[in-house]
Structure formats: structure tokens, C-alpha cells
Amino acid sequence: QLQLKESGGGLVQPGGSLRLSCVASGFMLDYYGIVWFRRAPGKEREGVSCISSSLSTSGGTTVYADSVKGRFTISRDDANNTVYLQMNSLKPEDTGVYYCAAVSHHSPYTCPYQWKGDYWGQGTQVLVSS
């Protein structure tokens, strides 16, 4: 059974850092691109960052939303079936529930896969507040 599980969220002060993890089970992560999303309170879901499948022609391509460019870094460790989202210089507007989603390398789209996902995790809460 294909599953994704996020972790690493928590409470952090503005300017602080967090590293989110997205661990896959039931499938080999290198076959999939991973997209991070977030949903802030009272707002619609927003695409944050994407990393393409290691097996795609654009393997390892990364994409960031303008709102996080220069502050967030996405990376993947296929050997450990994990994708990370390093978040630095956090702002109160980064608060929300963060989700990772997997997209098959057979997708006709490249990162950010139209900011859609095929398989989803349960989410991890990030709160940026003083």
C-alpha cells in the first residue's frame, strides 16, 4: 500500500528554521516526483515546492513558489525513500498544514506537475509565531 508520512512540523519563532520530512512506504520513491503543498488557516491550498522523479528526463529538477524562493530548499534521498523541505527565515505567513504528494514519473507533466498530486500524506502543522 502506497503511503506518505510527513513529519518535522512544530512551533517556531519568526526567522527560525524547520526541516520537514516526507517518508514513502509501499513504493520506491525514485519513481515519483514529490510536491509540497500547504494550507494556511482560511486559505486555499498552495503549492510550495516540487522535485522531479530521479528517473525522469528532468531528474532532480526543483521548482519553488515565489513566496518561498531563496528561503526553502527541497531535496530527496531515494536510498531512504525520503524527501525533505528545509525551511529557513520562516515568516508568520508560512504558518499552515504542510502536505507532501507523490506524482508518478509517467506523468505527462514536469515539475511542478500543475501543482497537483496523485498520492497524499496526512500533513504536518507548522506554526510561525513569537
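Visitor: What pattern do the disulfides of the chain follow, with bonded cysteines counted along the chain?

Guide: The pattern is 1-3, 2-4. A search of the whole structure finds 2 disulfides. Please note that this is a predicted model, in which local features need pLDDT of at least 70 and side-chain atom pairs count only at pLDDT 80 or more, whereas totals for chains, interfaces and linings use all residues. Residues are numbered from 1 along each chain as its sequence is written, and side-chain values use heavy atoms, with hydrogens and water left out.

Visitor: Why is the pair of Cys22 and Cys100 said to tie parts together?

Guide: Cys22 belongs to strand 3 (residues 18-25) and Cys100 to strand 9 (residues 96-104), so the bond ties together parts that are 78 residues apart in sequence. Strands (E, at least two residues) and helices (H or I, at least four) are DSSP runs, numbered from the N terminus.

Visitor: How do you know that Cys50 and Cys111 are joined by a disulfide?

Guide: Their S to S distance is 1.8 Å, and therefore the pair meets the rule for a disulfide. The link of Cys50 and Cys111 is left-handed, with -100 degrees about the S-S bond. This pair also links distant parts of the chain: Cys50 is in strand 5 (residues 45-51), and Cys111 is in the loop between strand 9 and strand 10 (119-120), 61 residues apart.

Visitor: Why does Cys111 count as buried?

Guide: Buried means under 20% relative accessible area, exposed means over 50%, and partly exposed lies in between (1.4 Å probe, protein chains only). Cys111 has 10% relative accessibility and therefore counts as buried. Cys50, at 0%, counts as buried as well. Cys22 and Cys100 are likewise buried.

Visitor: What makes the contact of Arg38 and Glu46 a salt bridge?

Guide: A salt bridge is a side-chain nitrogen of Lys or Arg within 4 Å of a carboxyl oxygen of Asp or Glu. The side chains of Arg38 and Glu46 meet at 2.8 Å, N to O, so the contact qualifies. By this rule the count comes to 5 salt bridges.

Visitor: Are the two partners, Arg38 and Glu46, buried, partly exposed or exposed?

Guide: Arg38 counts as buried because its relative accessibility is 5%. Glu46 has 29% and therefore counts as partly exposed.

Visitor: Why is Asp66 called exposed?

Guide: Asp66 has 66% relative accessibility and therefore counts as exposed. Asp66 forms a salt bridge with Lys69, and the closest N and O atoms are 3.0 Å apart.

Visitor: What does the side chain of Ser53 reach at 3.0 Å?

Guide: The side chain of Ser53 reaches the backbone nitrogen of Leu55. A polar atom of the Ser53 side chain also lies 2.6 Å from the backbone oxygen of Asp30. Ser53 is placed in the loop between strand 5 and strand 6 (62-64). At 0% relative accessibility, Ser53 counts as buried.

Visitor: How many helices and strands are there in the chain?

Guide: The chain has 0 helices and 11 strands.

Visitor: Why does the radius of gyration of the chain agree with that of a compact globule?

Guide: The radius of gyration is taken over C-alpha atoms, and the globule rule is 2.2 Å times the number of residues to the power 0.38. For 130 residues a compact globule would have a radius of gyration near 14 Å, and the chain has 14 Å, so the two agree. Along its principal axes the C-alpha trace spans about 45 × 30 × 25 Å. Buried residues make up 44% of the 130 residues.

Notes:
A disulfide is a pair of cysteine sulfur atoms within 2.5 Å. A polar contact is a pair of N or O atoms within 3.5 Å; within protein, one must be able to donate a hydrogen and the other to accept it, and residues adjacent in sequence count only if both atoms are side-chain atoms.
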